[in-house]
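Subject: Structure handover

Hello,

Here is the structure I promised to pass on. Please open it beside this email and follow along.

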Amino acid sequence: MNSREENAVSAMSAGRSALRMGPAELVQAAAMARRFYLEGKSKIQIAEEFGVSRFKVARVLETALERDLVRIEIRVPAELDAERSDALRARYGLRHAVVVESPAEVTDDAPDPENLGAVAADLLGELVNEGDVLGLAWGRSTIHMAAALHRLPQCTVVQLTGVYDAGTAERGSVEAVRRAAQVSGGDAHPIYAPMLLPDPATAAALRSQTGIARAFEYFDKVTVAAVSIGSWEPGISTVHDMLSDEERAHYASLGVAAEMSAHLFDSQGRRVGRDLGERCITVEADRLRRIPEVVAIAGGLRKASAIGAVLRSGLVTSLVTDTAAADYLLTESEPGLRPALERADPDQ
């Protein structure tokens, strides 16, 4: 054995001996660990109590971890994936990203996981402060979220889009706004109008009606908004299903990859088919971009690419999704700038 090998063996032996602790040392280490981890005392306070230096306390706490006297576990509910959530937040510059476990069997045509709405409801309970204005856009995910709300600070709730079908208002956006206002104890400003109208003139006439105009006046005051995302496919995008075959083909030719609140986006997050907005009762994209917190709720493999497109638009700041969509978003091509953090418009 050469001298280098002898030194290495000596160092290893010294390390092992340093980890050996007698009963008094073990008891002291356990007591210090209890003070630090359970009672919240500082290392200086512990040092004063035991009559040692704070550096000695630091070494003892480190040794307690190495000897497995102390085990630190980070636990979140089983349905939440903390690692994917943090990776997704960092990749897209999101303010908040919450990833929930996908169902055991996931198929391309599976709907959004049912628990997305409940998790989004809990997130809103954290994000909304008393006196805020909460905006809710039409979407199955936001409707499920509103139904799951059980706590919300007092706030004003405003509807950001018309409804898919005026005949289903009681089960859709209007009811979601009422439900959120009821939970919070604040005022509700619903919109009793379809999302899509036959022509721009009809849409303009409806926007000028007193009730709808009053709701629109709150758009610039919204501080937190919840929106849904759809991909440009039958049954997945409400707007897609409301259009004629000719109109669908026209917008598809423009490269539509995603839809959010009647705004259409290509795969890079650029808005296309802007003329459609003239026929819609919805919050304008520029107003959405000015809202401090916009939470998108969408998941599933069938929506994964659409979610990526909307994230690139810079219109949303936070996302509630599932592991299936998250895995796609974490492996697709780099998003470039962190769009959700920058709130940058890719068209400019």
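A residue counts as buried when its relative accessible area is under 20%. Keep that cut-off in mind for what follows. Please also note that this is a predicted model.

**Strand β5**

Start with strand β5, residues 224-228. This strand is mostly covered: 5 of its 5 residues are buried. In a regular strand, side chains alternate between the two faces of the sheet. Now look at β5 itself. V224, A226 and S228 point one way, while A225 and V227 point the other way. All of them are buried.

Which strands pair with β5? One is strand β2, residues 133-136, joined to β5 by 3 bridges. These two strands run parallel. Within this pairing, L134 has V224 of β5 as its bridge partner. Another is strand β10, residues 293-297. Here 5 bridges make the link, and β5 and β10 also run parallel. V227 stands opposite A296 in β10.

**The open sheet**

Next, find the open sheet of 4 strands. Its order is β6-β7-β8-β9, and the pairing is antiparallel. Which strands sit at the edges? They are β6 (230-231) and β9 (271-272), and each pairs on one side only. Strand β7 covers residues 258-260 and pairs with β6 over 2 bridges, in the antiparallel sense. G230 has E259 in β7 as its bridge partner. A helix packs on this sheet: α14, residues 304-312. Helix α14 touches β6, β7 and β8 (263-265). The direction of α14 makes about 60 degrees with that of β7.

S313 lies in the loop between α14 and β11. Is S313 buried or exposed? Its relative accessible area is 1%, so S313 is buried. What does S313 touch, leaving out residues up to four places away in sequence? The list is F265, G269, R289, A344, D345 and P346.

**Helix α15**

Helix α15 spans residues 323-331. Its buried residues are T323, A324, A325, A326 and L329. What do they pack against? Their partners are α5 (82-92), β1 (96-100), α14 and β11 (318-322).

**Helices α2 and α3**

Now go to helix α2 (residues 23-38) and helix α3 (residues 43-50). They pack at an angle of about 140 degrees, and their axes are 10 Å apart. That angle makes α2 oblique to α3. The crossing of α2 past α3 is right-handed. Which residues meet here? From α2 come Q28, A31, M32, R35 and F36; from α3 come K43, I46, E49 and F50. Sorted by class, the contact of α2 with α3 has 5 nonpolar, 1 polar and 3 charged residues.

**Helices α7 and α8**

Then compare another helix pair. Helix α7 and helix α8 (residues 173-184) pack at an angle of about 30 degrees, with axes 9 Å apart. Angles under 35 degrees count as roughly parallel. Therefore α7 and α8 are roughly parallel to each other. α7 passes α8 in a left-handed crossing. In α7, the contact is made by I143, A146 and A147; in α8, by S173, A176 and R179. By class, the contact of α7 with α8 has 4 nonpolar, 1 polar and 1 charged residues.

**A148 in α7**

Stay with α7, which covers residues 140-148 and includes A148. Set aside its neighbours within four places in sequence, and A148 is in contact with G117, A118 and A121. A148 and D122 are 26 residues apart in sequence, and their C-alpha atoms are 8.4 Å apart in space.

**The whole protein**

Finally, step back. The protein has 16 helices and 11 strands. Of its 348 residues, 48% are buried. Consider the contacts with a separation of 6 or more: residues 24 or more positions apart account for 69% of them.

It is all yours now.

Best wishes

Conventions
Residues numbered from 1 in each chain as written. Predicted model: local features only at pLDDT ≥ 70, side-chain atom pairs only at ≥ 80, totals over all residues. Heavy atoms only, no water. Axes fitted to C-alpha atoms, helices over the stretch in contact; angles between N-to-C directions. Parallel < 35°, antiparallel > 145°, perpendicular 65-115°, else oblique. Left-handed = near helix turned anticlockwise from the far one by under 90°. Contact = heavy atoms within 4.5 Å. Nonpolar A, V, L, I, M, F, W, Y, C, P; charged D, E, K, R; others polar. Pairing = 2+ DSSP bridges. Buried < 20%, exposed > 50% of the residue type's maximum accessible area, 1.4 Å probe, protein only.
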